[in-house]
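These notes are meant for a colleague who is opening this structure for the first time. Please read them with the model on screen.

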Amino acid sequence: MFGKVLIANRGEVAVRIVRALRELGVTSVVVYSDADRDTLAVRLADEAVCIGPTPSAQSYLNMSAIIGAATSHGAQAIHPGYGFLAENATFARACADNDLVFIGPTAQAIEMMGDKNIARATMARIGVPTVPGSDGPVTDVSQAVRFAAVVGYPVLIKASAGGGGKGMRVVEDEASLESAFIAAKTEAAAAFANDEVYLEKYLLKPRHVEIQVLADTQGNAVHLCERDCSIQRRHQKLLEEAPSPALTPKLRARMGETALRAVREVSYVGAGTVEFLLDTEGNFYFMEMNTRIQVEHPVTETITDTDLIKEQIRIAAGEAISFCDRAPLAPLCHAIEFRINAEDPDRHFWPSPGTITALRLPGGPGVRVDTHIYQGYTVPPSYDSLIAKLIVWGVDRAEAIARGRRALQELVIEGIQTTIPFHLRVLDEPDFADGVVYTDFIETHFGL
Ligand code: MV4
């Protein structure tokens, strides 16, 4: 095991990683920007080092400053958390070049999954179901017209370098294909410096179901069931749950095995997530693979009784997955995570930074809160608006929902606006209670 690990992140995930390291008996070093001097991770970590000014380009994305801090503080490994440098192949390589272990997959695996078109082609080649579409990039309009005619409208133009909903265009008919194709390419070029696009049939009313996987360097690979992330607003997840209300044990086993086939094909190592769309007939299609630990990992930790951050660290240190001979194939309970953002749901979810004047965290049975906030903490305007994750669980979905409602009512955050009241409205929707959730849920139920 490592003696010292550097955490290249901030906020609740930095706190989460400090906790895992402490339990493993590993010394933690957290980096921070000028804006984050007074944060909980800085207070809880064994060591802390300022790596630059507030803008993330000069701090949390500053590779040389982070690697310099790791080297000068004697860390053997770097945990990137999520966001920032977590899926940056250049950073993973820079770590290796400086004799530092990047706690995550290889640069090669990050690169290959980062190109959504290559990832899709690789999955199609090994028989993982993909949405009907172009086999490869679409380079001119006439080619797009031909593919669209074969798969049928509506079609979706996606950027190869995109993902997470960025650079996508829905096309309803041939008349609008040319302008959408040009717009998608222009947008992709500006956003990713890569204008390559491909085409898929656009699925109506899909659910977003993703499989958590772990693979170690000793040849073990396990899946840890699914998370249902259908409740999103403009590609920002609001709440996640597991198990998915849409899966049967048989479908779970098939999706899990499919995700593991993907993992083995690319010799994946570490924690990862294979994203699928599930259509209304129970067909599932590979979307993309996230080569990082995700925000919603506590949902999986809860339903499988595991510690994914500790497993990531163990795997990076060359150890085997601690439970690889007894991976839970069925969820032990039902869990829901509510993302508490410093945003005003009454004002188009506009960011609401500021000082937290009063804070009451919920407790009692089936409640976990992952957060870096405290009374008197000032949420800076400079970063992501996630300030807490409330995770609740129960023996079944109904109990988890009741606990969620109860815990959201106990949770008080004063001084800023948050997404707490919006979550209560979601829980009150009859369709949510019935598990009838699709990726257009927020749009259709709230007009947002
Ligand atoms: C799709 C789709 C429908 N058909 N692909 C959005 C993010 C990216 N990961 C994939 N996305 C979608 N791809 C086909 N062929 C609908 C979406 C989509 C979506 C997916 C997951 C969660 C929320 C979503 C919201 C809108 C669209």
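1. Two rings of Phe, Tyr or Trp, the last by its six-membered ring, count as a pair if their centres lie within 6.5 Å. By this rule the count comes to nine aromatic pairs. The model is a predicted one, and that should be kept in mind throughout.

2. One of these pairs is made by Phe 422 and Phe 446, with ring centres 4.8 Å apart and planes at 50°. Planes under 30 degrees apart would count as stacked and those over 60 as edge-to-face, and the rest are tilted; the angle of 50° therefore makes this pair tilted. Phe 422 belongs to helix H13 (residues 420–427) and Phe 446 to helix H15 (residues 441–446), so the pair ties together parts that are 24 residues apart in sequence.

3. Are Phe 422 and Phe 446 buried or exposed? Buried means under 20% relative accessible area. Phe 422 has a value of 1% and is therefore buried. Phe 446, at 16%, also counts as buried. Both residues belong to one aromatic cluster, formed by Phe 349, Phe 422, Phe 432, Phe 441 and Phe 446.

4. The next point is the ligand. It is surrounded by 18 residues, and the closest are Lys 158, Glu 200, Lys 201, Leu 203 and Glu 288. By type, the shell divides into seven nonpolar, six polar and five charged residues.

5. Which parts of the chain supply the shell around the ligand? Strand S6 (155–159), strand S8 (197–201), strand S14 (270–278) and strand S15 (284–290) each give at least two residues. In terms of domains, at least three residues come from each of domain 2 (132–201) and domain 3 (207–446).

6. The side chain of Glu 200 places an N or O atom 2.8 Å from a nitrogen atom of the ligand. The side chain of Glu 288 has an N or O atom 3.2 Å from a nitrogen atom of the ligand. Taken alone, the ligand exposes 520 Å², and the protein buries 92% of that.

7. Most peptide bonds are trans, and most residues other than glycine have a negative phi. The bond between Tyr 153 and Pro 154 is cis, with omega about -5°; Pro 154 sits in the loop between helix H7 (141–151) and S6. Ala 242 and Pro 243 are also joined by a cis peptide bond, with omega about -5°. Pro 243 is in the loop between strand S13 (239–242) and helix H9 (249–265).

8. Phe 84 is not a glycine, yet its phi is positive, at about 40°. This residue is found in the loop between strand S4 (77–79) and helix H4 (89–97). With a relative accessible area of 29%, Phe 84 is partly exposed.

9. His 348 likewise has a positive phi, near 55°, and is a residue other than glycine. Where does His 348 lie? The answer is the loop between strand S17 (343–344) and strand S18 (350–351). Exposed means over 50% relative accessible area, so His 348, at 63%, counts as exposed.

Conventions:
Residues numbered from 1 in each chain as written. Predicted model: local features only at pLDDT ≥ 70, side-chain atom pairs only at ≥ 80, totals over all residues. Heavy atoms only, no water. Near = heavy atom within 4 Å. Polar contact = N/O pair within 3.5 Å; in protein donor to acceptor, adjacent residues only side chain to side chain. Areas by Shrake-Rupley, 256 points an atom, 1.4 Å probe, with all protein chains shown as cover. Helix = DSSP H or I, 4+ residues; strand = E, 2+ residues; numbered from the N terminus. Nonpolar A, V, L, I, M, F, W, Y, C, P; charged D, E, K, R; others polar. Domains from an automatic or database assignment. Buried < 20%, exposed > 50% of the residue type's maximum accessible area, 1.4 Å probe, protein only.
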